[in-house]
Amino acid sequence: MTRRDVFEYAILRVVPRVERGECFNAGVLVYCRAHSFVAARTHLDEAKLKALDPGADVVGVRAALRAVEGVCGGGEEAGQAAGDDAGRRFRWLIAPRSTIVQPGAVHSGLTTDPAAEVERLLGLLVR
């Protein structure tokens, strides 16, 4: 039997006009403590963004989504979080915030391959 490890994930939502509360999914964050793994994958649907807010800053939203991916990847792209372990970076990213890119609730599951979960969840919940 293949060992399955617990993982946690959160959906990244884009909320173009926070005061209206309308949102759509634009990415996933996955963390697996057993593998010291944290990753994010994003996909911005510009048509949805423009439908909710014709004046939305597409470049700014893309930059915010890339920043989440950078923090997950660690290194220079992670800025001040570069020295933090995977769990601490995940917890920082899932903290509630009132910005255009927001994390959703945290869910959990079991996996044999956390990297594959990122792709599976992106396909299932975002694309």
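Which pattern does the protein chain follow when read along the sequence? The pattern is β-β-β-α-α-α-β-α. The protein chain has four helices and four strands. Helices (H or I, at least four residues) and strands (E, at least two) are DSSP runs, numbered from the N terminus. The radius of gyration of the protein chain, taken over C-alpha atoms, is 15 Å.

The model is predicted: local features need pLDDT of at least 70, side-chain atom pairs count only at pLDDT 80 or more, and totals for chains, interfaces and linings use all residues. Residues are numbered from 1 along each chain as its sequence is written, and side-chain values use heavy atoms, with hydrogens and water left out.

Along its principal axes, the C-alpha trace of the protein chain spans about 50 × 30 × 20 Å. Buried residues make up 43% of the 127 residues. Buried means under 20% relative accessible area, exposed over 50%, and partly exposed in between (1.4 Å probe, protein chains only). Contact means heavy atoms within 4.5 Å. Of the contacts with a separation of 6 or more, 63% come from residues 24 or more positions apart.

The four strands form an open sheet in the order 3-2-1-4, with antiparallel pairing. Strand 3 (37–42) and strand 4 (101–111) are the edge strands, and each pairs on one side only. The twist averages 20° from one strand to the next. Two strands pair if DSSP finds at least two bridges between them. Strands of a sheet pair through backbone hydrogen bonds, either parallel or antiparallel.

Strand 1 (residues 5–14) and strand 2 (residues 24–32) run antiparallel and are joined by seven bridges. Within this pairing, Leu12 stands opposite Gly27 in strand 2. Tyr9 has Val30 of strand 2 as its bridge partner. Strand 2 and strand 3 are also antiparallel, paired over six bridges. Here Tyr31 has Val38 of strand 3 as its bridge partner. The hairpin of these two strands has four residues between the strands, and Ser36 takes a positive phi near 50°. Eight of the nine residues of strand 2 are buried, so strand 2 is largely enclosed by the rest of the structure.

Helix 2 (residues 58–73) packs on the sheet and touches strand 1, strand 2, strand 3 and strand 4. Its direction makes about 160° with that of strand 3. Axes are lines fitted to C-alpha atoms, for helices over the stretch in contact, and angles run from 0 to 180 degrees between N-to-C directions. Helix 2 has 16 residues and reaches 23 Å from its first C-alpha to its last, close to the 22 Å expected at 1.5 Å a residue. The expected span is 1.5 Å times one less than the number of residues. The buried residues of helix 2 are Val58, Val61, Leu65, Val68, Gly70, Val71 and Cys72. Their cover includes strand 1, strand 2, strand 3, strand 4, helix 1 and helix 3. Just after helix 2, Gly74 takes a positive phi of about 75°.

Helix 3 (residues 86–94) lies across strand 1, strand 2, strand 3 and strand 4, and runs at about 155° to strand 2. Ile94 lies in helix 3. At 15% relative accessibility, Ile94 counts as buried. Ile94 touches Ala10, Leu29, Pro103 and Val106, not counting residues up to four places away in sequence. Ile94 and Arg13 are 81 residues apart in sequence, yet 11 Å apart in space, C-alpha to C-alpha.

Helix 4 (residues 114–125) has twelve residues, which should span 16 Å at 1.5 Å a residue. Its end C-alpha atoms are 16 Å apart, which agrees. In helix 4, Pro114, Glu117, Val118, Leu121 and Leu122 are buried. These residues cover an arc of only 130° around the axis, which puts them on the same side of helix 4. The arc is that of the directions from the helix axis to the C-beta atoms. Among the elements covering the buried residues of helix 4 are strand 1, strand 2, strand 3 and strand 4.

Leu52 lies in helix 1 (residues 46–52). Leu52 is partly exposed, with a relative accessible area of 24%. Leaving aside neighbours within four places in sequence, Leu52 is in contact with Pro16, Arg17, Glu22, Cys23 and Phe24. The C-alpha atoms of Leu52 and Arg4 are separated by 40 Å, and the two residues are 48 residues apart along the chain.

Key:
Rg over C-alpha atoms; globule rule 2.2 N^0.38 Å.
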